[in-house]
Amino acid sequence: MSRFRPISTLMRAWTKAKDYHPLSRWTLSTLIWLPIGITFTELFFTIRTVSGRSMQPTLNPDSSLSRDVVVFSRIGQLNREDVIALSSPSDQKLIVKRLVALEGDRVKTLPPYPDHEVVIPEGHAWVEGDEPFKSEDSNYFGPVPLGLVDSKLSFIVYPFQRFGPLPTPLPPDINAPRGPEWRSRVADYERQQKRIARVTVAPPKDSE
Amino acid sequence: MLNIWRTAYGKLSSKLTRPVLKKFALRSLGTFNFVCATHLFVQHVGWIHLTDGPSMMPTLAHAGEWVLESRLIDPQNLRRGDLAIYISPLDPHRLVCKRVLGLPGDIICVDPTGDTAPSAEHVVVPKGHLWFIGDNAEFSRDSRTYGPVSMGLVRGKLVAKVWPPSAFTVFQNNFNYID
């Protein structure tokens with residue numbers, strides 16, 4: 001009776017499976033590297049399609065015919081005004097929202113929320129969609145724990161005319177020619193200013 | 001220019017095709033692949049972990065006990081009395097282990113002793129949330145402090161205590177209903 005050698009038995013089974021068919025050789029030797037790929041998407045970057053209207057007009061604007069394809073990153077710190085993907089606290093679906101406030105901040109809420117103002121508790125954040133009416137956000141379910149945050153938006157890939165990171169809205173140029181584009185830029189800037197005005201940022205913790 | 005490029009490429013390729021180097025590169029990449037596979041196993045299937053802290057005192061000791069954790073669960077299928085592992089709502093970098101007390105729709109008395117909340121305060125556990133409580137109520141920060149916990153934070157379930165061998169136990173659901 002031969003001794004039990006798990007590794008060499010495995011190796012022999014592996015070569016046998018590879019030599020079974022020329023096609024299986026190719027597939028198997030590609031699939032064996034899958035763990036590196038999956039770990040990369042779980043720790044660094046992933047690519048996702050954004051569906052839904054809650055982040056209009058930043059993502060999926062009415063002018064684009066297809067859904068946006070976006071790269072999300074899992075590295076780096078979360079800051080206010082970042083666009084993040086998180087799982088919804090009530091039904092674990094992945095949703096894309098804007099991070100409005102972090103722990104300790106004081107936020108003036110919008111209508112569906114019962115209180116007029118909230119102070120964000122420890123380890124929580126306040127998220128909102130850019131489109132105020134079609135978005136189920138913190139104004140419905142309150143502050144969300146940071147543990148639910150999955151990743152943050154890094155750059156847009158697919159509609160190639162909007163390729164790149166999200167543009168930061170700048171104050172409108174008065175001398176520029178007026179037009180639909182100019183007006184949408186002004187609207188973006190005003191929306192951002194209104195959002196920032198509703199948040200009283202807490203002093204940083206390690207200032208002592 | 002092209003000539004320089006060609007000689008450089010030739011030297012490099014001859015170096016890379018040298019069997020020893022190629023084998024070494026392939027081996028290290030394979031080891032890295034194995035590390036990644038282990039990471040995925042720990043994240044999605046389960047592993048043994050060292051427990052810490054007084055919050056689950058009669059069930060788990062203060063320190064030095066290893067538990068087997070299973071991640072192959074659906075938080076929807078957790079029952080009252082199960083030991084679950086979830087990301088602390090107060091600190092996203094911390095995993096905590098507590099006992100499930102309430103499922104979505106249950107009405108819970110926040111704290112019958114009246115220490116952290118008035119003993120008459122009752123809440124309904126919302127949809128997609130669970131109510132967690134530590135076995136050692138006095139030294140535990142749980143749903144009484146931060147309220148119902150979203151199922152999105154739940155990572156796994158405790159299966160058994162494996163170390164020390166004298167304390168080996170398989171955790172079974174021992175939840176009783178009083179009629």
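This note sets out numbered points on the annotated residues, the nonpolar core and the chain interface of a predicted model.

1. Basis. The model is predicted: local features need pLDDT of at least 70, side-chain atom pairs count only at pLDDT 80 or more, and totals for chains, interfaces and linings use all residues. Residues are numbered from 1 along each chain as its sequence is written, chains are lettered from A in the order in which they are written, and side-chain values use heavy atoms, with hydrogens and water left out.

2. Annotated residues. An unreviewed UniProt entry lists Ser55(B) and Lys98(B) under "active site". The two are spread over 44 residues of sequence but cluster in space, the largest C-alpha distance being 8.2 Å. UniProt positions follow the numbering used here, feature names are shortened, and annotations may be inferred rather than shown by experiment.

3. Ser55(B). This residue lies in the loop between strand 1 (46-52) and strand 2 (63-70) of chain B; strands are DSSP runs of E with at least two residues, helices runs of H or I with at least four, numbered from the N terminus. Ser55(B) is buried, at a relative accessible area of 14% (buried means under 20%, exposed over 50%, partly exposed in between; 1.4 Å probe, protein chains only). Beyond its neighbours within four places in sequence, its contacts (heavy atoms within 4.5 Å) include Lys98(B), Gly134(B) and Ser140(B).

4. Lys98(B). Strand 4 (residues 95-102) of chain B holds Lys98(B), which is buried, with a relative accessible area of 4%. Leaving aside neighbours within four places in sequence, Lys98(B) is in contact with residues including Ser55(B), Tyr86(B), Phe132(B) and Asp142(B).

5. Nonpolar core. The largest such core (buried Ala, Val, Leu, Ile, Met, Phe, Trp, Tyr and Cys residues joined through side-chain atoms within 4.5 Å) has 16 residues, and Tyr86(B), Val100(B), Leu130(B) and Phe132(B) have the most contacts inside it. Strand 3 (83-87), strand 4 and strand 7 (129-133) of chain B each supply at least two residues of this core, and strand 3 gives the most, with three.

6. Interface. Chain B contributes 24 residues and chain A 20 residues to the contact. About 1700 Å² is buried between them, 64% of it on carbon and sulfur atoms; buried area is the accessible area (1.4 Å probe) that two parts lose on being put together, summed over both. In chain B, Asn33(B), Leu40(B) and Leu90(B) lose the most area to chain A, together 27% of what that side buries.
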